[in-house]
Amino acid sequence: MKITIIFARYPFSERSPVLPPILEYLAALTLQADPSAEVELIDANKTPVNPAQLNTDLVAVSTMTVTAPWAYRFADECRLRGLRVVMGGIHPTILPGEAASHADAVVIGEAESVWPELLGDAKAGKLKGIYRGRKMALEGIPIPYDSDLKRDYRFRAFFTMRGCPYSCRFCSVPGVYGKSMRYRPVYEAAAEIESRAGKIWFNGDDNIWGGDIKRNLNLFEELSQGTKKRWYGFGDLKTVQQDYGDRLLAAAGRSGLFSVMAGWESNSEAGLRYFGAAGKQGSDRVEAIKRIQSHGIYVVLFVVVGGRYDDIESFRRTLEIADSLNVGIHPILLMPLPGTELFEEYRDYLLPGQGWESFTGINAVFEHPDPKMTAFRREEEYHRLRRELYSLRRVVKRISRIPLKGFPSTHLLSFMKEIGMHLEMKKAQNAWQKKSLHM
């Protein structure tokens, strides 16, 4: 049986330098369940894919909210040709009924517990409509398939845990992966990274150092014994403020961590409380950033702007934070994603005519109570903020102020990452300007 696994196409120009991990991981799960299977992997963001040219027994499409419209159109075309389609990912997990109208089968949740059954049913021609995955222990999962796709990307991504104990109102992760953190065995995770990572790799964990501190210290020490010592990932600001914070950061630095992305979320205490995100900030988040930086690790903050509680000055304040703290900032226009508390609150304010493809974090998708904060004005301020944040002058200034403890790796790799953001920012702004001509 031949299975074609497809990562759905984004509706905007920015393309990730990271190989979508689901492709090689689902291929490994497939071959573990059926070693005789033939697997084809396609990232629709890199390779044009035409249903009329597919020669396969089963099409598996992984989609998130923003890619769902493309995935649905593609799946419909496949089924018109008589191809069977299975859909999975965060969006089908949250809205399985919506996805089921475009697929022969939908995987809800994590695939490990149901994928062998689904493949067997597909081979027998008896696919069920819904397969509900269980949250399983993460021991003994297969090492991702080593495909030729790696030539088209700068980085591969790896995960060592799942779940998040925080309850941010805009986030769907706890609802999909659970509030209890589950960990892969340290040796298995480190061995996979050693065998599959390139010179630089990305850790897709929601929090690289939160939760089980002893386990995370062991992971960092194990990674430091390997050869793949240039990586970046996500972390919180609370954990590093504890008494063991410096020990944890030193171990992370020895393992090769050169940059961490953390959720600042809001510029105000009221905003943090509103988002339910105050718990992961700790008592002094500015001090947390300085502590991380003192270990030669470059900090990038996620900041949400343009919410119904925000004023126009929130964009300027975000730029001031970047300058005063010497951090990179990834601004996101608030997008109330389905499956979150925020979506239910914002449902009545969503702008008419907006499909899921608009939920990108760069589009305004809801009405604002201030008549001056129109959708166009918020998008305009957002792109102005990004232009300022990723101007070459500011990028060089930020990188030059990284402590020498991280020299030269942190400086060089962070500069390369920031330049990539600078180039993507210009593409995104050009695309927005073209769109705005028709607004």
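**Close-up 1. Cysteines C171 and C164 in the predicted model.** C171 is partly exposed, with a relative accessible area of 28%, whereas C164 counts as buried at 15%. Buried denotes under 20% relative accessible area, exposed over 50%, and partly exposed the range in between (1.4 Å probe, protein chains only). The closest cysteine sulfur to that of C171 belongs to C164, at 6.2 Å, which is too far for a bond. The structure holds zero disulfides, a disulfide being a pair of cysteine sulfur atoms within 2.5 Å. Residues are numbered from 1 along each chain as its sequence is written, and side-chain values use heavy atoms, without hydrogens and water. As this is a predicted model, local features need pLDDT of at least 70 and side-chain atom pairs count only at pLDDT 80 or more, while totals for chains, interfaces and linings use all residues.

**Close-up 2. The buried face of helix α7.** Within α7 (residues 186-196), V186, A189, A190, E192 and I193 are buried. These buried residues fall within an arc of 155 degrees when seen down the axis of α7, so they line one face of the helix; the arc is that of the directions from the helix axis to the C-beta atoms. They pack against β8 (155-158), β11 (201-203) and α8 (213-224), contact meaning heavy atoms within 4.5 Å. Helices (H or I, at least four residues) and strands (E, at least two) are DSSP runs, numbered from the N terminus.

Close-up 3. V18 stands opposite F155, and N203 in β11 is the bridge partner of F158.

Key. Two strands pair if DSSP finds at least two bridges between them.
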